[in-house]
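Here are my notes on the disulfide and the aromatic contacts. Please read them with the structure open.

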Amino acid sequence: MSRLTWRVRLPILAIAVVLSVAGCAGLPTQGFVSPGAAHTHYDGFLAYAAFSDLAVEGAYEKALCRHLLSAGHACDTMLQAAPPTRPQNGDSRHRAALNSGAQAIVVIELADPKAASRRILDDGRIGYRVSLIDAKTQKVMARFAIDDGRSRHLSSRADALAAAVVHALKQRQLLTRR
């Protein structure tokens, strides 16, 4: 392949990557930050996708960690910190968070698909409730409502949500680099 071909293809590839990331970060988001979080910043996270399906949980947790790591932050998955090979509950997950060294836990939950507002007003689209919880105090520092971009593949959904979460945390200045 000639150098000219690569000189033409490389900028097109770069533009495609930028547009795909911008599209993910542009998912409809509502965010609420606790007044106590005004000067709080985090750089170490534990990703927890609170789903009952381990494959789905793993996909979302890994995607979020991938995005946080690429943004320069530490991240572990709850599946690594609190493996499903042992019974887990709120206390065991809290201990796992503290033992992981994470400063904050990002909890991803599905919005209630049976809610009338989601069925009628939001065309039945998938929605997420994402909470940023301080690992030590266990206080909710921020909460985001993020709508899915109508992607059909699990990995695309997980990746789009992860990009939107990192974007929302950056916008609200809740991140700091290590």
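1. The model is predicted. A search of the whole structure turns up 1 disulfide. The partners are Cys65 and Cys75, with sulfur atoms 2.1 Å apart. Cys65 sits in helix α2 (residues 54–70) and Cys75 in strand β3 (residues 74–77). The two cysteines are 10 residues apart, and the pair links distant parts of the chain.

2. Which hand does the disulfide of Cys65 and Cys75 have? The torsion about the S-S bond is about -60°, so the disulfide is left-handed.

3. Are the two cysteines buried or exposed? Cys65 has a relative accessible area of 5% and is buried. Cys75 comes out at 9% relative accessibility and also counts as buried. The cut-off for buried is under 20%.

4. On to the aromatic rings. The whole-structure search gives 3 aromatic pairs. One of them is Tyr42 with Phe45: the ring centres are 6.4 Å apart and the planes lie at 65°. Planes over 60 degrees apart count as edge-to-face, so this pair falls in that class. Tyr42 is buried, at 2% relative accessible area. Phe45 is buried, with a value of 2%.

5. Phe51 and Tyr60 also form an edge-to-face pair. Their centres are 5.2 Å apart, with 75° between the planes. Phe51 has a relative accessible area of 14%, so it is buried under the 20% cut-off. Tyr60 is buried too, at 4%.

6. Which residues form one aromatic cluster? Phe51 and Tyr60 do, together with Tyr128.

Key
Residues numbered from 1 in each chain as written. Predicted model: local features only at pLDDT ≥ 70, side-chain atom pairs only at ≥ 80, totals over all residues. Heavy atoms only, no water. Disulfide = S-S within 2.5 Å. Helix = DSSP H or I, 4+ residues; strand = E, 2+ residues; numbered from the N terminus. Buried < 20%, exposed > 50% of the residue type's maximum accessible area, 1.4 Å probe, protein only. Phe/Tyr/Trp six-rings, centres within 6.5 Å; stacked < 30°, edge-to-face > 60°.
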